[in-house]
Amino acid sequence: MTNTYAHVNPLLAPADADHMLAIAENLGHFETYADEGTSEGLGESLPQRFDVGLNYVHRGLDGKGCSDEPAVALGRTNYFRETYVYGDEQRVDGIESFAAHPLILQSAKSLSGAAIIVPAIVYANILVPGQELAIHTDVPEFRGLNRKNTPQWLLVCMLHSKLFEGWRVPIMTCVAWFGGNAGGAFTFYPGGGAGERESISADHNTAIVLDTDRFFHGVERVKTPSLKETANEGIAQVGSGATLEYAGQDQWRLHTSEGRRFDYQWADLRYSISWKGYCFVDADSHHKWRQSEDCLNLSNVQEIFERDLRQRGVHGVAALSPDDYARLLVATYVSFPDESDQT
Ligand SMILES: [Fe+2]
C-alpha cells in the first residue's frame with residue numbers, strides 16, 4: 001500500500017523548535033476556536049460540525065461511548081487557536097523556518113502527487129489538560145465553495161460523497177508538536193475509516209504530514225503530570241469567551257467567561273502548529289483555481305446530491321426541513337470509523 005502519511009522526526013533545528021514556543025509566549029493571548037456562523041436555509045440551527053459532535057457524544061474518542069455531561073464534553077473539545085500566517089500575511093515573527101520548511105513541502109508533494117503546492121495557512125492550537133479532539137475529518141474546499149460561503153458539514157459531505165472530485169482543491173496538512181506535554185497523542189486511521197486506529201505521540205519537534213480532509217483523526221486526552229486536572233471536576237469548562245494568557249516564567253493562565261481561573265505550566269499544555277497547503281496536480285488545475293474558473297455554487301451541489309439520492313432510492317428530499325436535510329446528508333455520506341466492527 002502506498003504511504004498515506006509522513007512522520008517527520010526531528011522537524012526543525014533545536015533552536016528553531018524552541019523558538020516555536022517563544023512565538024506563542026510573545027503572542028501571549030489565545031482565544032477558543034469558537035463556532036463560526038451558520039448558513040441560512042441549510043441546517044441553519046445546527047452547529048457547523050454537528051456531524052463530529054453527534055459522533056463524539058455517541059461514541060467518544062475511542063468508540064466506547066462518552067459518559068460526560070454535555071457541558072463537560074463541550075469543554076473537552078473547545079480548544080484554543082491563533083493564526084500565525086494567512087496567505088501572504090505573516091502575523092508573528094520567526095515562523096519562517098516552519099512555514100517554508102522544505103521537508104513539509106516535499107512530503108506534501110510526494111503524498112499528494114501534486115506538481116504545485118501553494119501554502120495557505122499556519123495556525124497554532126493549544127489544548128489544556130482534560131481536553132481531547134473528537135475524531136473528524138477537516139473542512140475541505142472546492143472551487144467556488146469553502147467555509148466562508150458554505151456550511152462546514154456540507155463541505156465534509158461533499159468530500160465523503162466523492163461526487164465533487166472534479167472541483168475539489170486538495171489540501172495537505174502538517175501538524176507539528178512543540179513542548180513537553182506527555183499526553184495528547186495524534187490518533188488517526190491511516191488506512192481509511194475501515195482500518196485500524198493508530199497513534200503517534202506528540203513529541204517535541206516532530207510532525208505528521210497527511211491529507212486530514214480525507215483521513216479521520218483526533219487527539220487523545222491531554223494529561224498533566226499530576227493528573228488532577230483531567231478528572232471531570234478539575235478540568236476547565238472551556239466555553240466561548242475563555243482566554244489563555246502567557247503569564248511569564250513558563251506559566252499560562254486560563255480565564256473562563258464565568259470568571260474561573262486555571263493556572264498551567266507550559267508542560268501541562270499540548271501545543272501544536274499546523275500548516276495547510278493547496279495541492280495542484282498540474283498547471284491547468286492551478287490556473288483554474290487562481291482564475292476561479294468552473295466553480296460550483298450551492299444550487300449545483302443540491303442538484304447533484306438530489307440526483308444521487310434518487311439513484312439510491314431516497315425520494316422527497318425537497319420536502320425535508322433544512323435541519324432534516326442536513327442530517328440525511330451526513331447519515332448517507334459520512335461513514336465514521338466504527339471500531340466495534342473491527343476484529
Ligand atoms: Fe483536524
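Strands here are DSSP runs of E with at least two residues, helices are runs of H or I with at least four, and both are numbered from the N terminus.

A word on the ground rules. Residues are numbered from 1 along each chain as its sequence is written. Because the model is predicted, local features need pLDDT of at least 70 and side-chain atom pairs count only at pLDDT 80 or more, while totals for chains, interfaces and linings use all residues.

Stepping back, the chain has nine helices and 15 strands. Its radius of gyration is 20 Å, close to the 20 Å that the globule rule gives for 343 residues, so the chain is as compact as a globular protein of that length (the radius is taken over C-alpha atoms, and the rule is 2.2 Å times the number of residues to the power 0.38). The C-alpha trace spans about 60 × 45 × 40 Å along its principal axes. Of the 343 residues, 38% count as buried, that is, with 20 or more other C-beta atoms within 10 Å of their own; 12 or fewer makes a residue exposed, anything in between partly exposed, and C-beta atoms are placed from the backbone.

Eight of its eight residues are buried, so S7 is largely enclosed by the rest of the structure. Ile 171, Thr 173, Val 175 and Trp 177 point one way, while Met 172, Cys 174, Ala 176 and Phe 178 point the other. S7 pairs antiparallel with S15 (residues 270-280) over eight bridges, and there Met 172 stands opposite Gly 277. Five bridges tie S7 to S10 (residues 206-210), also running antiparallel, with Val 209 as the bridge partner of Cys 174.

Helix H2 (residues 50-59) buries Asp 51, Val 52, Asn 55 and Tyr 56. Seen down the axis of H2, these residues fall within an arc of 125 degrees, so they line one face of the helix (the arc is that of the directions from the helix axis to the C-beta atoms). The buried residues of H2 pack against H3 (70-77), S6, H6 (152-161) and H9 (322-333). Just after H2, Gly 60 takes a positive phi of about 65 degrees.

Glu 82 lies in S3 (residues 80-86). With 19 C-beta neighbours inside 10 Å, Glu 82 counts as partly exposed. Its contacts, leaving aside neighbours within four places in sequence, are Leu 27, Phe 30, Tyr 123 and Ala 124 (a contact means C-beta atoms, placed from the backbone, within 7 Å). The C-alpha atoms of Glu 82 and His 29 are separated by 8.4 Å, although these residues are 53 apart along the chain.

Definitions and conventions: Pairing = 2+ DSSP bridges. Contact = placed C-beta atoms within 7 Å.
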